[in-house]
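The entries follow in the order in which I looked.

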Amino acid sequence: MAAPSLQHPGFLLANLKVDSPNKTLAQRCQDLIKIIDDYHAKELHAIFSWLVESVFGSLDGVLGGWNLRLLHSRCGDFAPIVDFLKPSGPMMKLVYKLQAEEYKYEVPVNYLPAPVKTSIQEGVLPDCPLFHNRPHFPMSGILTLNMALNPFEFFIFYFASCLITPKNLPGSQHVGTTDSAYFVLADMYLKYFLPTEGSVPPSPFSDSKGSVSTPAQRSANISLVGHGLHSPSLLKHHIFLQPSVNADPAAQEIWRSETLLQMLVEVWLHHYSLKMYQKLQSPQVKEPFSPSEEHVLAVRLLVKHLHAFSNSLKPEQPSASPTHSHAQAGPLEEFKRVALQRFVQQKLFLFLQHCFGHWPLDASFRAVLETWLSFIQPWRYAGDKRAPLPADSGRCDPDKWESFVQENLLVYTKLFQVFLNRAVRMDLVNAKNALMLFRVAKVFCQPDLADMIHKAEQLFLEPELVPHHRQPRGYLTPGQGGSFLSSRQRITTDAVFRVKSHVYALEGQDCQYKQMFGPELRAAVVRLIQVVAQARHTAKRISDRSCQAAASKSLLSWLTAPSSDSSIGLCGVEADENNECLRKTHEFLDRALENLCTVFKLNQGQLTQLTAISTSSEDDGQSERLPDCVVGDRGLVLTDLGRMQIINGLRRFDIQFQGDPELQPIRSYENALLVRFLYRMSSLLNAQFEGPLTELCSRTDFAGRLCQHYLTSPDPAVLARTPGSPRFWDRKRRVGVSLRPLASYRTILLLGFAYAAGAFLSFGPVSSTLLILAAVFLHGVAVMLWAEKWKRH
């Protein structure tokens, strides 16, 4: 392209808007690569905002962008798009090109997370240093308040917001999972800017105009005075704004790692304020944000990588002065030391607390559960996983991980308590729910973990020897003993201060802490064990009935139509897979009981007694009774115990179809067209011969009883038959012809076999039909004779 610098910047944007809709994503990437290479920063600045929005979609969700969350590796555009957007790709080259010129791009404050938006609108400095000194007021006034971000921050903000922004997707398209282009790029960004080995690659444009200063340095001189915003008297400075750190040339590049982490944490996690959590213990009133399963999976990806990033911290070199030892560490090593605790812990705890309290009681909770279990097991991501561990040593080493448990005590104990409340309300007969219970019990059963939690609780209960100065927003610095990877010996006073600082920062000074191994929680565990025992008993009963039904199956039972409630198995699958689900349920529940008894030190005698008490009251006779109910104004009302009995399959209502048998829902073994056609035929015949049929069925002789067998419904249907209902009435037996059995696929198959056999024996269609009618008549006569004989006995 000749002399691109002479072209007006607006022409380039106009041409791209016209040409892009007519090209595939791969073709657009090729055109953009050429434009990024050929044009100068001034022309590229004019298209950058439009390009970012066209890739990730608009912040209001109207524009879907390139739909990275729906793009999978099997799509043809997957590879070109990933290559274009990867950390070392052309798009990031454009970001660095504009970053060197110090351009700014505005984002409306309304699209920031709710706590950040509220703080800025109220004139309070946000918690995150990323948003300090950034508000920009256009001429129209404060109602259109925007945030001025540099190109890298602007790009990462749109990338992070792409995950949580509701999109107007076609009905046939479903949001992708962890193999989508979005998750692949998120993993690439984390590994590139938060490396576990080596350092962050330098910006390719750092040398063209000298050293590029960090965004924090450039915005340090911006003041909010005169715009109605005030800053607090005491501002906590960021670790990389200290002069000793900025003097290091390596600190010129560490800001990208810091920006990436803070932006992902703020956009993905910071939707629930600490003030609201402490007030209601459940953030739900002013911040109704509800994360999706895809969102939670992305958070888990972030947690897992941050553990690997923090655990890659190099061992400290022996030094006479701890301050000198930290001064020798590079900026990236300092960032590894404090990243997880300072920037992630509080917001992740509130995020998980909200999910635990508001997520539906279904199998999708597994994503939230695994995110929690990933965070509380940092040892899973430490060192070389390929190196085998000694057989007698666990990965949960108290000497190494004790301080981490102390600094995150509530993440272990309080979320475990909330999980117990969920577990007793889950259908534990379902194998997927039983697996979740087993996973939690297995994690907490790891060697030394329960002892570390118990020790941390005892430290919190220790009386304070010195006045405690609470740090409401910050966490312990490495010099105060906040690093969980440090090998220096901690004294008891520091450990007590560390635990109390963590709990008070989240729960407040006047919190009433519930011990994980205290009597209250132990009683909840005993209740859970009883529910597990009942679920095992129910699963065993269902399995026994299933085996009996399979043993009694015969050719005659195959010929009959199945009942409406027997086609679906326990796990929502066909009956053939039911036994496998029950086997898994038994295995998961048995192992969960063993692990819970190990964690809470219950011996086998106590376990046997608890299970015996819970199962003795649920024998076969009692299991047929109604669930626990009370009589209300409109009939029976379930109690909490009754709901638990229904959820775990211990008891149930005897629900039967109470309407016209001809109007029952069409079954899977019936032909829908034939059901509707035969219903119309039956209605015409019944309307034409209603009188004669009714008179014939009213006779008391053998012919009348035979007609009653074929022309009436089996039994009177009771419309309200549960005790305590205000009204009871019966419905008269319906008289008429019913041709619906002919719509069954099995009936059609049997008739086909009968006509085929007649043709094989040289019978014509008329003769075969007469023989079939004769067989049906004889079957009715045999049934009537057997009924009369049964009545005499």
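I began with Phe-600, which counts as buried at 3% relative accessibility (buried means under 20% relative accessible area, exposed over 50%, partly exposed in between, with a 1.4 Å probe and protein chains only). The model is predicted, so I kept in mind that local features need pLDDT of at least 70, that side-chain atom pairs count only at pLDDT 80 or more, and that totals for chains, interfaces and linings use all residues. Residues are numbered from 1 along each chain as its sequence is written, and side-chain values use heavy atoms, with hydrogens and water left out.

I then looked up the aromatic pairs of the whole structure and found 30 (rings of Phe, Tyr and Trp, the last by its six-membered ring, pair if their centres lie within 6.5 Å; planes under 30 degrees apart count as stacked, over 60 as edge-to-face and the rest as tilted). Phe-152 and Phe-193 form an edge-to-face pair, with 5.4 Å centre to centre and 70 degrees between the planes. This pair links helix H7 (residues 151-164), which holds Phe-152, to helix H8 (residues 181-193), which holds Phe-193, across 41 residues (helices, H or I with at least four residues, are DSSP runs numbered from the N terminus). Phe-152 is buried at 1% relative accessible area, and Phe-193 is buried at 0%.

Returning to Phe-600, I found it in a tilted pair with Phe-517, at 5.6 Å centre to centre and 50 degrees between the planes. Phe-517 is partly exposed, with a relative accessible area of 24%. Both belong to one aromatic cluster, whose members include Trp-372 and Phe-444.

Notes. Helix = DSSP H or I, 4+ residues; strand = E, 2+ residues; numbered from the N terminus.
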